[in-house]
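This report describes one protein model. It begins with charged side chains and then turns to the strands, the core and the surface.

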Amino acid sequence: MRKNSIKNTRINGEVLRELSNIIHGGIKDPRIHPMTSVVSVMVAPDLKTCKAYISVLGDEAAQADTLAGLKSAEGYIRSKLARNINLRNTPEITFILDQSIEYGVNMSKRIDEVNRMDEDRRAVMPVDTDEE
């Protein structure tokens with residue numbers, strides 16, 4: 001995998017910020033969940049394609065609806081992106097659902113549950129200090 005140049009890293013950050021602004025303020029599609037965030041963006045070095053990783057806080061139906069809404073509004077999003085960012089080419093955007101935040105929350109809940117069970121087990125077991 002090739003390392004990103006400084007220029008490509010700056011472009012990724014700028015596209016990420018503009019996509020977030022467009023999704024939150026410019027799209028009126030009711031399918032797009034209000035708790036949608038752009039996690040990361042990977043623009044190809046030739047500026048032809050872009051992968052946008054999207055996180056949706058909600059159930060699977062809300063995630064599927066949001067992805068469908070974003071795919072249907074892809075042309076509008078691309079035109080707004082072209083107006084807001086001065087690039088040689090406006091990349092063709094592919095939206096990908098990112099589960100990493102949901103996975104992290106789930107793992108955190110499981111760790112808390114194991115810690116709670118461990119504390120309960122220690123509270124029930126008597127500590128024997130007279131082993132002489």
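## Salt bridges

Glu-14 and Arg-17 are both in helix 1, three residues apart, about one turn of the helix. Helices (H or I, at least four residues) and strands (E, at least two) are DSSP runs, numbered from the N terminus. The side chains of Glu-14 and Arg-17 form a salt bridge (2.3 Å, N to O); the term stands for a side-chain nitrogen of Lys or Arg within 4 Å of a carboxyl oxygen of Asp or Glu. The model is predicted: local features need pLDDT of at least 70, side-chain atom pairs count only at pLDDT 80 or more, and totals for chains, interfaces and linings use all residues. Residues are numbered from 1 along each chain as its sequence is written, and side-chain values use heavy atoms, with hydrogens and water left out.

By this rule there are four salt bridges. Another one joins Arg-31 and Asp-29 (2.9 Å, N to O). Asp-29 is buried, with a relative accessible area of 18%, whereas Arg-31 is partly exposed at 36%. Here buried means under 20% relative accessible area, exposed over 50% and partly exposed in between (1.4 Å probe, protein chains only).

In helix 4, Asp-118 and Arg-122 lie four residues apart, and their closest N and O atoms are 3.5 Å apart in a salt bridge. Asp-118, Arg-121 and Arg-122 are linked in a network of salt bridges. Arg-122 is exposed, at 60% relative accessible area.

## Strands

Strand 1 (residues 36–43) and strand 2 (residues 49–56) run antiparallel and are joined by seven bridges; two strands pair if DSSP finds at least two bridges between them. They form a hairpin with five residues between them, and Leu-47 in the turn has a positive phi of about 65 degrees. Ser-40 stands opposite Tyr-53 in strand 2.

Strand 2 also runs parallel to strand 3 (residues 92–97), with six bridges between the two. Thr-49 is opposite Glu-92 in strand 3.

## Nonpolar core

The largest nonpolar core has 23 residues, and Val-15 and Ile-77 have the most contacts inside it. Such a core is a set of buried Ala, Val, Leu, Ile, Met, Phe, Trp, Tyr and Cys residues joined through side-chain atoms within 4.5 Å. Helix 1 gives the most to this core, with five residues.

Leaving aside neighbours within four places in sequence, Val-15 is in contact (heavy atoms within 4.5 Å) with Val-41, Val-43, Cys-50, Leu-81 and Ile-85.
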